[in-house]
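Have a look at the sequence and the model, and then we'll go from one end of the chain to its middle and back.

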Amino acid sequence: MNVVVLLLVLSSALVNAYWNFILKRLINKGADKILLYWLSSITGVMIYFILFIFLIRNYKISHEGVVLAILCGLFFSLYTFSLSKSYELSDLSHAYPLS
């Protein structure tokens with residue numbers, strides 16, 4: 001495996017774990033969990049929507065590809081909702097590995 005690819009995968013895993021740790025810590029301190037999840041989700045949607053529009057306009061992406069991208073977004077929304085519920089009901093050390 002290419003070293004750059006390995007470093008990108010490892011850094012992505014570390015950032016994801018740290019983000020979940022920070023999120024759970026804020027929830028434990030009484031922050032509004034729904035607001036936190038929606039703010040993080042909306043930020044991601046804005047960034048990726050711009051990229052999505054750029055790719056559709058500059059590359060030939062089939063209609064099936066667009067439909068699959070939209071379905072992926074819907075499934076990710078379901079994942080985010082489920083993750084917020086699991087953090088609310090259980091400990092990070094149990095919820096994060098299962099997610």
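**A walk through the model**

Let's start with Ser99, which sits in the segment after helix H4 (92-98). Helices here are DSSP runs (H or I, at least four residues; strands would be E, at least two), numbered from the N terminus. Before going on, a word on the ground rules: this is a predicted model, where local features need pLDDT of at least 70 and side-chain atom pairs count only at pLDDT 80 or more, while totals for chains, interfaces and linings use all residues. Residues are numbered from 1 along each chain as its sequence is written, and side-chain values use heavy atoms, with hydrogens and water left out.

Back to Ser99. With a relative accessibility of 39%, Ser99 counts as partly exposed, because that label covers whatever falls between buried (under 20% relative accessible area) and exposed (over 50%), using a 1.4 Å probe and protein chains only. Leaving aside neighbours within four places in sequence, Ser99 is in contact with Tyr79 and Leu83, where contact means heavy atoms within 4.5 Å. Ser99 and Leu83 are 16 residues apart along the chain, yet their C-alpha atoms are separated by 6.9 Å.

Leu83 also leads us to the largest nonpolar core, which has five residues: Leu23, Ile27, Leu83, Tyr87 and Ala95. A nonpolar core is a set of buried Ala, Val, Leu, Ile, Met, Phe, Trp, Tyr and Cys residues joined through side-chain atoms within 4.5 Å. H1 and H3 each supply at least two residues of this core. As for Ala95, residues up to four places away in sequence aside, it touches Ser86, Tyr87 and Ser90.

Now for the rings. How many aromatic pairs are there? The count comes to two, if rings of Phe, Tyr and Trp (its six-membered ring) pair when their centres lie within 6.5 Å, with planes under 30 degrees apart called stacked, over 60 edge-to-face and the rest tilted. Tyr18 and Phe21 make a tilted pair, 6.4 Å centre to centre with 35° between the planes. Both lie in helix H1 (residues 3-28), three residues apart, or about one turn of the helix. Tyr18 is exposed at 53% relative accessible area, and Phe21 is partly exposed at 36%.

Phe76 and Tyr79 form a tilted pair too, at 5.6 Å centre to centre and 35° between the planes. They are three residues apart in helix H3 (residues 63-89), again about one turn. Phe76 is exposed at 51% relative accessible area, while Tyr79 is partly exposed at 32%.

H1, helix H2 (33-58) and H3 each supply at least two residues of the lining.
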